[in-house]
Amino acid sequence: MLLTIRTTHQPATDLGYLLGKNPARAQSFELAFGAAHVFYPEAADDACTAALLLDVDPVGLVRGSGTLDQYVNDRPYAASSFLSVAISRVLRSAMAGSCRERPELAATPIPLVARIASVPVRGGEAFLRRLFEPLGYELAAERLPLDPARPEWGDSRYWSVTLTATRRLSELLTHLYVLVPVLDNAKHYWVGDDEVEKLLRHGSGWLPEHPERDLIARRYLKHRHSLVRDAIARLVTAEEPADEEEKADARDAEEQAEEQKTSLNEQRLQAVVEALKTSGAARVLDLGCGEGNLLRRLIREPRFTEVVGVDVAHRTLEIAADKLKLERMHESRRARIRLLHGSLVYRDRRLEGFDAAAVVEVVEHLDPPRLAAFERAVFAGARPATVVLTTPNAEYNVRWPSLPAGRFRHRDHRFEWTRAELAGWANAVAARHGYAVAFHPVGPVDDEVGSPTQMAVFTRGGGPAG
Ligand code: SAH
């Protein structure tokens, strides 16, 4: 992760005073997530360039959070909130506009060129322009290929961005501090809750007039809504590419539309809540919680003292946080609910020690070869006393007039099981991990093909492995 700032203001080496970093020597700083290095690739009277290089330690970053997939993420390579945190730590006084040796220069607009070597951008060049041009920057952006050696692989979502303007250095740094994390609309690693407040404070003076103010604010507030408070320092998993997420959103909307017609969704959630209540569980997981439809019902029941939603799609969790109105939730309720970003095909310590887990309409989204990993993560790893799992009953599909023969109910479904197929899988899982399993229909029961949804309730201790 590399940011360079160049000036041709003369004497250009005064940039060293403005940054409070001597051009003659390289300096390194230890930050919570790795090291930051400041050095000057050029330092002459007519032009001077300062470089801020971040060396993010992806292992240290997620230390203690317990899932393997967290080691595989793009944070180390992309500018993001780390860059903001580094600017605020390493270039603090420059960002504040204070400079003991050249105070008048700090208050003077000077020609500046900032270049971020690689930053993930959701929304492309048009979005970059909407963010930076209203602030008076001339912008040049180049989309980076996925792999320069393999042009046939196409473009990545990373951009190299160059901003040119005559501004005070403090303004440039503040704009980068606020806007770089907005670019990818992804999860961010903030050192503490107050980082959010800082962001808003740094926006004062320019953000209120920015034409994209609402969008910028929304992206921040979203991050604040969702995971910042809950999952701090455990930010995780390779993201779905943005386009995929958008498609997933559309698909989910489609699925919901289908389902609302029948209110099957409603019946299913009710059946799951009933099964969880019957189990006597107090601390419950909703694995693959999606937009939080089940969470909303669970949190209404005081008997559930801890309710934790887990999903692999970060965007979906943000929607869940919005829909649940976590921000405005009464404190006593808010304290009982958490959202975690994580994948169900990796073992995750955070999911251990719960009484029950719901897995509602999730398994059919997993590639069949990953079912074994899912089984290990849930039944050997998390190992709750009760697992309530629902999945479509493929046999029932012939009763859906709108569904062409042989088609799944949802484009993202990797399979749909008959009753015998679910029973085959669930009985084997139960036997391997010491659970007993019982099957229940959900929705109207047809004599021939059964119910549209099938539910399996696993109870630990009921099987041979005890
Ligand atoms: N249980 C919810 C959502 C069902 S849709 C409901 O009934 O409304 C399936 C959900 O599983 C999606 O939100 C998807 O992001 C999530 N999912 C798919 N694969 C996953 C994985 N490997 N780990 C965690 N969640 C996953």
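Pro11 lies in the loop that runs between strand S1 (2-7) and helix H1 (15-19). In this predicted model, the peptide bond joining Gln10 and Pro11 is cis, with omega at about 0 degrees.

**Backbone and loop features**

- The bond between Gln10 and Pro11 is a cis peptide bond, and Pro11 belongs to the loop between strand S1 and helix H1.
- Lys325 is not a glycine, yet its phi is positive, at about 55 degrees.
- Lys325 is placed in the loop between helix H13 (314-324) and helix H14 (331-334).

**Asp446 and its loop**

- The loop between strand S13 (435-442) and strand S14 (453-460) holds Asp446.
- From the side chain of Asp446, the backbone nitrogen of Glu448 is reached at 2.8 Å.
- A polar atom of the Asp446 side chain also lies 3.0 Å from the backbone nitrogen of Val449.
- Which backbone nitrogens does the side chain of Asp446 approach? They include that of Glu448 and that of Val449.

**Helix packing**

- Helix H15 spans residues 371-382 and helix H16 spans residues 419-433; their axes come within 11 Å and cross at roughly 45 degrees.
- The crossing in which H15 passes H16 is right-handed.

**Ligand surroundings**

- The ligand is surrounded by 15 residues, of which Gly288, Gly290, Asp311, Leu344 and Val360 are the closest.
- By class, this shell consists of seven nonpolar, six polar and two charged residues.
- Asp311, one of the closest residues, places a polar side-chain atom 2.5 Å from an oxygen atom of the ligand.
- Val312 contributes through its backbone: an N or O atom there lies 3.3 Å from a nitrogen atom of the ligand.
- Ser343 has a polar side-chain atom 3.4 Å from a nitrogen atom of the ligand.
- On its own the ligand has 570 Å² of accessible area, and the protein covers 86% of that area.

Conventions
Residues numbered from 1 in each chain as written. Predicted model: local features only at pLDDT ≥ 70, side-chain atom pairs only at ≥ 80, totals over all residues. Heavy atoms only, no water. Near = heavy atom within 4 Å. Polar contact = N/O pair within 3.5 Å; in protein donor to acceptor, adjacent residues only side chain to side chain. Areas by Shrake-Rupley, 256 points an atom, 1.4 Å probe, with all protein chains shown as cover. Nonpolar A, V, L, I, M, F, W, Y, C, P; charged D, E, K, R; others polar. Axes fitted to C-alpha atoms, helices over the stretch in contact; angles between N-to-C directions. Helix = DSSP H or I, 4+ residues; strand = E, 2+ residues; numbered from the N terminus. Left-handed = near helix turned anticlockwise from the far one by under 90°.
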